[in-house]
Amino acid sequence: MTSEFVRHEPCPNCGSSDANSLYSDGQYYCFSCHTFTPAEGINHNHNSTKMSNDVKIIGAATWLPKRKLSEKTNEFYKIYEYSATLRFPYFTPDGVLQGVKTKTKKKIFTYEGVSTDTLFGQHLFPSTGKRIVVTEGELDAASCYEAMPGWPMVSLPHGAAAAKKDCQKQIPLFQGYDEIVLFFDGDDAGRKAAKEAAGILPPGKVKIARLEGYKDASDALQNEDAEAIRKAIWHAKPFRPDGIVDAETLRDLVTTPQKSYDHEYPFQGLNKKLHGIRYGELITFCAGSGSGKTSIMRQLAVDLLCKGESVGILELEANNRRTALGLMSTAVGKNLHIGEHDKEELDTAFSDSIANWNLFLFDGFGSFDPDIVYNRIEYLATGLECKVIILDHLSILLSGLDGDERRMIDTTMTRLRSLVERTGIALFLVSHLRRASNDKHSAEEGGRVSLSSLRGSHSIAQISDQVVALEVDQQSGVERKPTTVRILKNRYSGEVGVACTLTYDLSTCKFTEDEIEPEPGFNPATDF
């Protein structure tokens, strides 16, 4: 290709903002995705379409005083000066010339020949060895070689933008080396490219070099600081992917005293077993239909709201009027759902409750796109700073979706767990139980609930920090039916079993805690 470079433009093929180069004859070549577009406007992928293969090494190696690169190093890499340009040849791994990248003094790059996936200088070094250093640009590789002659120093053919892709194509080469040092530029693009490339290279071999005080290796050599290059390579830090933490860095985290809980439950039996409510935990309350799950969530919410906590509530099975009236009823101790109540009475109840709270409700009813619900929970947590959020309930969240229920529950629980970890909220999740094979053993008939009773998937039990079950015989004929509150899982302390029994008063919309002798909890010393 002998035409002149005109300007950089966005690439319609890969989306790069400036890797697409326009030449004077109307042709385009993208240095990011290798797409060649002839003047007539027909696109071809350059990996399969040759440009001119009539390419030669011309010019001569000279001392480059500005770059501080010796003639010997330039001759080694065949970096030749010709007609006020620098020419960087690219070879196949076995040494066949494929193309030449040309750089003008104004930093305008053109390319002649057939595109190749090899790294600059790759053919000069063995396919196995102790260490290989990868830089962003050809002059950086040559500068590293000038500072450390004999060591394999190569560079990316298409810069930081395509670093991951270019490195991925050379994994067989990198597998032959004990150590791979990524020595990219110190700007944001270089750091990002190094992290992305390191993530796909052989685990345990990658190190990332950092050069203090200079943009890149060429800049350091221009300032006659070859020692800085050597130090950057020798002291390169092992790449550690996201999620892996050196335990030695946790001293401040684990030695800083923390409260054992952020809030107490309104029931002492729950406090004795669960040791309070903590931010950053996912607590699931489960029971059969009509067993008081929503009522106990509302009493919990009212207790927290009256303590000044910001609470978000997503009751997917109730409209906001019903949710608000339920919370007001619990707060004032009067059932505002049943019977007629005049505006003055309702307005007084509102003023004595919701008007004083940091309460936010989700405006919806029925089945919703889970993505929307996840988004609203995150907004409540981060945008409105709600530290406690109640999602009631899991089954209706999924009811409008098609597919395998177990898989949907697995996905939903994982996403909710991620939300809790990311935002630090305490999330209370309400879940139904699967149907019992025998009505006498159903939760609605007072049957004992276990973790295996959870609906659909064991992920509800696995991912939750605590699982609390409500057991009540709705057909007992007793006006005020006691509800047994049983702890099925307790990641915090391991204590499980009956926490307390509660009795619901329909006239006040409140549970009262009964005096009982709880079952013995889990004791690691005796229960194994």
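Student: Which residues do ring pairs link into a cluster?
Tutor: Heads up, this is a predicted model: local features need pLDDT of at least 70, side-chain atom pairs count only at pLDDT 80 or more, and totals for chains, interfaces and linings use all residues. Residues are numbered from 1 along each chain as its sequence is written, and side-chain values use heavy atoms, leaving out hydrogens and water. Rings of Phe, Tyr and Trp (its six-membered ring) pair if their centres lie within 6.5 Å; planes under 30 degrees apart are stacked, over 60 edge-to-face, the rest tilted. Linked that way are F76, Y77, F88, Y90, F120, F125 and Y145.

Student: How are the rings of F88 and F120 arranged?
Tutor: The whole structure has 13 aromatic pairs. For F88 and F120, the centres are 6.0 Å apart and the planes meet at 85°, so the pair is edge-to-face.

Student: How many residues apart in sequence are the parts that this pair ties together?
Tutor: F88 belongs to strand 7, whereas F120 is in the loop between strand 9 (109-113) and strand 10 (129-135). Strands here are DSSP E runs of at least two residues, numbered from the N terminus. So the pair ties together parts separated by 32 residues.

Student: How far is the charged end of R278 from the ring centre of Y492?
Tutor: A charge sits over a ring if NZ of Lys or CZ of Arg is within 6 Å of the ring centre and within 35 degrees of the ring normal. R278 sits over Y492 like that, and the distance to the ring centre is 3.6 Å.

Terms used:
Helix = DSSP H or I, 4+ residues; strand = E, 2+ residues; numbered from the N terminus.
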